[in-house]
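Colleague: I am new to this structure. Please show me how to read its features, one at a time.

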Amino acid sequence: MFIALTGTPGCGKTSISGLLENEFGYRVVHLNELIKSENLFLEEDEQRDCVVTDIDVVQKRLSAIEESEKPVIIDSHMAHLIADVSIVLRTAPDELKKRLGERGYKPAKVDENIEAECLDVILVESVENCEMVFEVDTTGRSMSEVAGDVREIIEGISSGHPPLDKFKPGAFDWSGEIF
Ligand SMILES: Nc1ncnc2c1ncn2[C@@H]1O[C@H](COP(=O)(O)OP(=O)(O)O)[C@@H](O)[C@H]1O
């Protein structure tokens, strides 16, 4: 079973999936690394500082990864286009802006990502593509707290009792913070 750990850049996908992988032994595919190391992209978009990917090619590559009942976490902002289950990490605009600034993103790229977070872009795509969608807040929380929530969701799904109420999508409304 593929489980997407997705969200706007800077929300913590790589940090949280790394923690789950290294401390708790979960199987994780860091999709962006895989795409780059195996040249699974169509072209590099220098202006937007990213790669353009063919989702069908990526999907085919992932189908080659042995699937079993044991969940495989896919760490990527497009993981929800591939997986059946989506866990969307959410971060309030002010904190996300700070994280992306610290990462050295240019102001236009920061603004583009803040707008996407405020408009729930990844959440909406997840609801359109996935059978089950959960949201987890990372704002003002420690990485271990967030990882604990993600584990609760994954273990719940694995045992047939997903925590449907606690992480129900639609809890965040930052639409008023779009500049
Ligand atoms: N509660 C939290 N959960 C996840 N990341 C956090 C949290 N608090 C602060 N951070 C920081 O936010 C940044 C997230 O970066 P990263 O994991 O690369 O995000 P992404 O993979 O979504 O682009 C890291 O610098 C991390 O230390």
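Modeller: Start with exposure: buried means under 20% relative accessible area, exposed over 50%, and partly exposed in between (1.4 Å probe, protein chains only). This is a predicted model, where local features need pLDDT of at least 70, side-chain atom pairs count only at pLDDT 80 or more, and totals for chains, interfaces and linings use all residues. Residues are numbered from 1 along each chain as its sequence is written, and side-chain values use heavy atoms, without hydrogens and water.

Colleague: Is Asn39 buried or exposed?

Modeller: Asn39 counts as exposed, because its relative accessibility is 57%. Asn39 lies in the loop between helix H2 (31–37) and strand E3 (41–45). Helices (H or I, at least four residues) and strands (E, at least two) are DSSP runs, numbered from the N terminus.

Colleague: How do I read phi?

Modeller: Most residues other than glycine have a negative phi. Asn39 has a positive phi, near 50 degrees. Asp120, also not a glycine, has a positive phi of about 60 degrees. Asp120 is in the loop between helix H5 (107–118) and helix H6 (121–129).

Colleague: Which residues are closest to the ligand?

Modeller: A residue is near a molecule if one of its heavy atoms lies within 4 Å of it. Here 16 residues surround the ligand, and the closest are Gly10, Lys13, Thr14, Ser15 and Arg141. Helix H1 (13–24) and helix H7 (143–158) each supply at least two residues of this shell. H1 gives the largest share, 4 residues.

Colleague: What about contacts inside the protein?

Modeller: Take Ser17, in helix H1. The side chain of Ser17 reaches the backbone oxygen of Thr14 at 3.3 Å. Ser17 counts as buried because its relative accessibility is 0%.

Colleague: And where is Met143?

Modeller: Met143 is in helix H7. With a relative accessible area of 45%, Met143 is partly exposed. The C-alpha atoms of Met143 and Gly12 are separated by 8.3 Å, although these residues are 131 residues apart along the chain.

Key. Polar contact = N/O pair within 3.5 Å; in protein donor to acceptor, adjacent residues only side chain to side chain.
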